[in-house]
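Here is a short briefing to read with the model open beside you.

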Amino acid sequence: MYFSMNFFGIASDYSLNLSVMNRFMFGYVIASLSSLLWPNLLSNSWALITLLLAAACVRLAPLLSGCLFSLAWISIFFNQLMTIPTPTSAHEIGVRAEIISLVNQNSDWISMDIRLLDAKYLQHPSQNMRVSWQRPPEVNVGEQWWFALKPKSITSVMNQGGFNGQRYFLNRHIVAKGRVISAKKHQPASGLRQQVLAYAQTVVSPLAQGDLMMALQFGDKSLVNDERWQALRNTGTGHLVSISGLHLTVVAFWSFTLCFALLKSAKPSQGLRNWYIATVLMLCCTAGYAALSGFALPTVRALIMLVCIVVLMIAKRHSQPFERLLWALFLVLLFDPASVLGAGFWLSFAAITIIFSSGYLLPTQTTDSPISAANRGQGKVSGISRLGKIGQAAKNLWAIQWRLTLMMTALQGVLFAGIAPYSLLSNFVLVPYFSLIIIPACFLLLLLTLLAYTLMSLAGVSAIQSLVNGFARLVDLSLSPVAAYYDLVSGFPQVWWSLSQQISAALIFTLIGIIIFVVARAWQWRLTALALQLPLMLASVNNVIAIPKVHWQVHMVDVGQGLSIVVQVDKRAIVYDTGAAFGTFSYAKRALLPFLSARGITKVDYLIISHDDNDHAGGLAELTQAFPHLQLISDSHSQHDSSVLDCRPGKIQWQQLSIEFLLPQQMKSGNNGSCVVLISDAQQSILLTGDIEASSEKRFVALYPELTADVMVVPHHGSLTSSSTEFVQSVSPKLALVPAGYQNRYKLPKFDVIQRYIDTEAEVLVAGIEGQVSVNFNHSGIDVKTYRSDFAPFWYNNLLGFGEMDNSE
């Protein structure tokens, strides 16, 4: 490739070695993908130095240069992204922002995503916030407002197997959360998309499948309710209603096919004119579809990928498919390095890679590229030959489809620590149905809606309104079988199989092995592929044949401002408290149950509820539903259910551990009625204290003056009402675990309380800071690991301090 450049009137010719560019891009892509494992990012000053080093070695070592450029650019990108206005003395910030998405709403509150628009901040990367607004006026997507906000960090609860909120927010450029204090509308929604969207809602909202139609036309999922989302999750088809690479590719294929066919029939050409015109029109249709869907980040990434591949097809007809994929990866990651944090990115590019890989395995035959076909013009094909081509195309489609479905199911297990067992069948049936019927129909409905809105706005003509309504009903009818299928699958048993982290990690090697086995022909490579199946085989055998372990573990699960402790021996557990629940949200569902699955725990023998406060007992229903045979121990529930045990002093044996109930001696309500439990083996012990306060602590010391514990859960989240000096010195723990949420509104734990434990030479770990804390008890002593420092010590899991405030929810 040759480039002619002219600087200040001085002409110069530069020859760019393509292999150098490819190696540079390969280095950038590999380093960017590896950023998921980086412990930290560079500061801006070090990033600039690294950028200079990358420029210096681009000729001599392009692969290294690409890696250095990735390190520098990603650091600069996220340093800029995570810079927001500094809160005032009242802990507020003022911003001008555009409403880009209504996340959820009820009668009193609305949650929405806003894009910051203040001119003093660079618009790339775009900065978003997720804010809540109590009793708001009527708001619409696309409106601009002046907001006064109380900001809050996006730092989230962190546990094995749990939803990673920080990674989710950063992938979507959400740099802070906040609560609206006051607001003033600056500008109404004036964009074409918002106006057409409002018009379309009047057409499709009365229809049974209107929620899916809005999602497929505009990327607007505000009408999709929780039941529908659950059905999409159960069938593994949520990607079908999120505009992404599949939808843009389908629109591109059908728009090109129809345009090229019309041009060829209207004005046949032996040259490339019709092909180029159809390609330009195809790109216009695809870009227009992306624009009407709001240019959401996943859509923009898919559009960049598609445009890149098409341009390379035109500019370099003989480039290899993987070279086009490399260009697409490079441009997407250059435009938005945050892409790598999202599961959609991995699923999209993995699908393309699988399709490209499958292409090398299809039966070799003489085929023509679109350009060659256009050059050749029209020719007559016999009926037998046509049937043979159709049959071969069907076989090729089947070959790609089963490979794609199998490998994407394995990737789903890696990314989401679980598999929807019916997703294989669901995707096998629904992906072709959506590609051939639903997506083209929704796109055609979008075009008709746009035309009807334009005629009505410019000329006041509503002649085709009946056509739009009729076609919308037809699309709704075509989606009815999909809705019926969702209802059918939702009634099936075992709609979601959770996987332990051991199985999920083994699936990575399995996935690589399947790809090598399918693509490679040499027996050495196929033997390597078979060897890569060993981790999954061993993990599966370990699940069936449990090997007894001599140690036991205690985990403080990070459930925000609440408490949940898991005592684990092999695949069995005792759970002490469940965390809080708020409406349909539950920390048991969000954090505790996924944690149990990730740890491979298949049986909960006992559930101990210390007392009935919501932050301790909120997830009781979810846990008993997930483990219906567990034995519940709770004072309040034992009063009206004879199968429930109370917390009176006593002792039980469990898995060679002693479970001793110490307090209360009589049933009490409130914090001082908390069930206090000592769990011990012959050498070490942990004391679980619930929310007991100073009066109960005093009674505890009087009843058990000689009792000590190696580990203690700090009472009442580190409140000043608890952890009296006498109690702390009496128990004298080596490790104090504080179940307090990050930036909780109670400002817990209190400094004076922490100092009392430090004075006894105890190590203090706070759940909101460390994330999940796991304590391993064995013959050699106590081994402590935390989520942020040991299990996942990556930069995006660090405490993110921007937008912090002293008193926040």
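What follows covers a helix pair and a group of aromatic rings.

This is a predicted model: local features need pLDDT of at least 70, side-chain atom pairs count only at pLDDT 80 or more, and totals for chains, interfaces and linings use all residues. Residues are numbered from 1 along each chain as its sequence is written, and side-chain values use heavy atoms, leaving out hydrogens and water.

**Helix α5 and its partner**
- Helix α5 (residues 192-204) packs against helix α15 (residues 423-459) at an angle of about 105°, with the axes 10 Å apart.
- The two helices, α5 and α15, are therefore roughly perpendicular (65 to 115 degrees).
- In contact (heavy atoms within 4.5 Å), residues of α5 including L192, Y199 and V204 meet residues of α15, among them L445, Y453 and M456.

**Aromatic rings**
- One aromatic cluster takes in W73, F77, F78, F794, W795 and Y796; rings of Phe, Tyr and Trp (its six-membered ring) pair if their centres lie within 6.5 Å.
- The ring centres of W73 and F77 are 5.8 Å apart with planes at 70°, so this pair is edge-to-face (over 60 degrees).
- F77 is buried at 1% relative accessibility.
- W795 and Y796 also pair edge-to-face, at 5.3 Å centre to centre and 85° between the planes.
- W795 is buried at 5% relative accessible area, and Y796 is buried at 4%.

Key. Axes are lines fitted to C-alpha atoms, for helices over the stretch in contact, and angles run from 0 to 180 degrees between N-to-C directions. Helices (H or I, at least four residues) and strands (E, at least two) are DSSP runs, numbered from the N terminus. Angles under 35 degrees count as roughly parallel, over 145 as roughly antiparallel, 65 to 115 as roughly perpendicular and the rest as oblique. Rings of Phe, Tyr and Trp (its six-membered ring) pair if their centres lie within 6.5 Å; planes under 30 degrees apart count as stacked, over 60 as edge-to-face and the rest as tilted. Buried means under 20% relative accessible area, exposed over 50%, partly exposed in between (1.4 Å probe, protein chains only).
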